Amino acid sequence: MADIEDADWKARDANSYDAVADDFNRLTDRVSVYAAEELANALPADVKSVLDVGCGTGIVMLSIARRFSQTTKITGLDLSPVMLATARGNAADQGLVDRFDFVVGDAEALTLKNCSVDAVTSLYAWRHLPDPAKATKEVFRVLKPGGTFAVAVGSAPPLTSSAGIFSS
């Protein structure tokens with residue numbers, strides 16, 4: 001039963017971005033660019049393949065593409081096809097779309113092979129996951145030995161807010 005509830009929740013979460021993708025894109029550009037750059041800077045200089053989990057508008061992917069060579073393979077994974085389309089558009093606007101793969105997928109059930117990527121990044125997605133521990137296990141399954149996992153979680157809502165009351 002929990003898997004069905006999680007799947008329903010994930011579908012609702014993914015669909016919740018459909019109507020706000022453009023606004024989210026503008027806000028992300030203004031507010032999250034520094035965090036995205038820090039994630040890209042946390043990766044080792046010799047990284048050849050990166051998975052960005054919950055890539056949203058692609059802001060981390062774009063930071064990685066600007067920092068690393070054209071041979072670095074960058075895959076963005078998100079539950080929301082609309083957010084992936086936004087990420088693809090942002091990449092196209094910057095002439096970088098050919099550097100990326102965009103995948104609709106679930107962080108808790110990655111379709112990548114074991115030990116297949118050098119690094120995994122994620123900007124703020126972990127608080128959206130019903131089972132972050134399961135997603136973390138998946139990350140370490142797909143990471144090559146000695147790989148890097150760079151994640152920014154963000155802060156919780158204030159405990160005195162209605163969102164804060166329900167977030168714990």
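## Contacts and overall fold

Two residues are in contact when heavy atoms of theirs lie within 4.5 Å. Among contacts in the protein chain between residues at least 6 apart in sequence, 76% join residues at least 24 apart. This is a predicted model, in which local features need pLDDT of at least 70, side-chain atom pairs count only at pLDDT 80 or more, and totals for chains, interfaces and linings use all residues. Residues are numbered from 1 along each chain as its sequence is written, and side-chain values use heavy atoms, with hydrogens and water left out.

The protein chain contains seven helices and five strands. Helices (H or I, at least four residues) and strands (E, at least two) are DSSP runs, numbered from the N terminus. Along the sequence, these elements follow the pattern α-α-α-β-α-β-α-β-β-α-β-α.

## Confidence of the model

The confidence of the predictor in each residue is given by pLDDT, on a scale from 0 to 100. The protein chain has an average pLDDT of 85, and 73% of the residues score at least 70. Among the elements of the protein chain, strand β1 (residues 49–53) has the highest mean pLDDT, 98, while helix α7 (residues 162–167) has the lowest, 50. Where pLDDT is low, the predicted coordinates should not be read in detail.

## Surface and burial

The accessible surface of the protein chain comes to about 9,100 Å², and 55% of this surface belongs to carbon and sulfur atoms. Accessible areas come from the Shrake-Rupley method with a 1.4 Å probe; for residues, only the protein chains shown count as cover. A residue is called buried under 20% relative accessible area, exposed over 50%, and partly exposed in between (1.4 Å probe, protein chains only). By this rule, 43% of the 168 residues of the protein chain count as buried.

Helix α4 (residues 59–67) is mostly covered, with seven of its nine residues buried. The buried residues of α4 are Ile59, Val60, Met61, Leu62, Ser63, Ile64 and Ala65.

Thr72 lies in the loop between α4 and β2 (73–78). Is Thr72 buried or exposed? Thr72 counts as buried because its relative accessibility is 2%. Not counting residues up to four places away in sequence, Thr72 touches Val47, Lys48, Ser49, Val50 and Arg99.

A polar atom of the Thr72 side chain lies 3.3 Å from the backbone oxygen of Val47. A polar contact is a pair of N or O atoms within 3.5 Å; within protein, one must be able to donate a hydrogen and the other to accept it, and residues adjacent in sequence count only if both atoms are side-chain atoms.

## The loop between β3 and β4

Ser116 is found in the loop between β3 (100–104) and β4 (117–123). Ser116 is partly exposed, since its relative accessible area is 27%. The side chain of Ser116 reaches the backbone oxygen of Lys113 at 2.7 Å. Which residues does Ser116 contact, leaving aside its neighbours within four places in sequence? They are Ser49, Val142 and Lys144. Ser116 and Lys144 are 28 residues apart in sequence, and their C-alpha atoms are 5.8 Å apart in space.

Cys115 also lies in the loop between β3 and β4. Cys115 has a positive phi of about 50° although it is not a glycine. Tyr124, in the loop between β4 and α6 (132–142), has a positive phi of about 70° and is not a glycine either. Most residues other than glycine have a negative phi. Tyr124 is partly exposed, with a relative accessible area of 34%.

## Cysteines and aromatic rings

A search of the whole structure finds zero disulfides, a disulfide being a pair of cysteine sulfur atoms within 2.5 Å. Cys55 is buried, with a relative accessible area of 5%, whereas Cys115 is partly exposed at 42%.

How many aromatic pairs does a search of the whole structure find? The search finds three aromatic pairs. Rings of Phe, Tyr and Trp (its six-membered ring) pair if their centres lie within 6.5 Å; planes under 30 degrees apart count as stacked, over 60 as edge-to-face and the rest as tilted. Phe100 and Phe102 form an edge-to-face pair, 5.9 Å centre to centre with 65° between the planes. Phe100 is buried, with a relative accessible area of 7%, and Phe102 counts as buried at 17% relative accessibility. Phe140 and Phe149 form another edge-to-face pair, 5.7 Å centre to centre with 90° between the planes. Trp126, Phe140 and Phe149 form one aromatic cluster.
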